[in-house]
Each structure stands twice: as C-alpha cells, then as structure tokens.
Amino acid sequence: MLLVSCDKHMEYLWTQWVSVFVAVVCEFERIKVEFLRKGTNAKIYEGAARKYQFPSFH
C-alpha cells in the first residue's frame, strides 16, 4: 500500500522532526559544556540517552 501525504501534512511532520532534533542537539550541547567544566559524568549521558531512547555505551 502506497501512502501519499499532502504538502501540508508533510510540512507539519518536517516541523515536528526539526523541533525534536533541535531539542536533542541542545541538550547534548549543554551536557558537553558541563563535561568541559566539571569532567566526565556517565550518569548524565545515560539519562539523556534513555530520555531520547538512544543506546548508551559505557
């Protein structure tokens, strides 16, 4: 079955995806700055990975 979406629907999906992507990048940038200031803290990375359902490697 082929799913065809109208332009308005695709624009809405794109906007949603971009906002999620920006939120993820901002959070990991904040974590990076904390790392540079205070050193490593694996719990912060693991928590962020869990929040966005990414695998955590430790």
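1. Lys32 and Glu29 form a salt bridge, with their closest N and O atoms 2.7 Å apart; the term denotes a side-chain nitrogen of Lys or Arg within 4 Å of a carboxyl oxygen of Asp or Glu. Both residues lie in helix H1, 3 residues apart, about one turn of the helix. Helices are DSSP runs (H or I, at least four residues), numbered from the N terminus.

2. The model is predicted: local features need pLDDT of at least 70 and side-chain atom pairs pLDDT 80 or more, while totals for chains, interfaces and linings use all residues. Residues are numbered from 1 along each chain as its sequence is written, and side-chain values use heavy atoms, leaving out hydrogens and water.

3. Lys32 is partly exposed because its relative accessibility is 38%, and Glu29 is likewise partly exposed, at 40%. Buried means under 20% relative accessible area, exposed over 50%, and partly exposed in between (1.4 Å probe, protein chains only).

4. Glu34 takes part in two further pairings: with Arg37 at 3.7 Å, N to O, and with Lys38 at 3.4 Å, N to O. Glu34 and Lys38 are separated by about one helical turn because they are 4 residues apart in helix H1. Arg37 is exposed, with a relative accessible area of 65%, and Lys38 is exposed at 70%, whereas Glu34 is partly exposed at 22%.

5. Glu27, Arg30 and Lys51 are linked in a network of salt bridges. Glu27 is also one of the buried residues of H1, together with Val24 and Ile31. The total count is 5 salt bridges.

6. Just after H1, Gly39 adopts a positive phi of about 95°.

Conventions
Helices (H or I, at least four residues) and strands (E, at least two) are DSSP runs, numbered from the N terminus.
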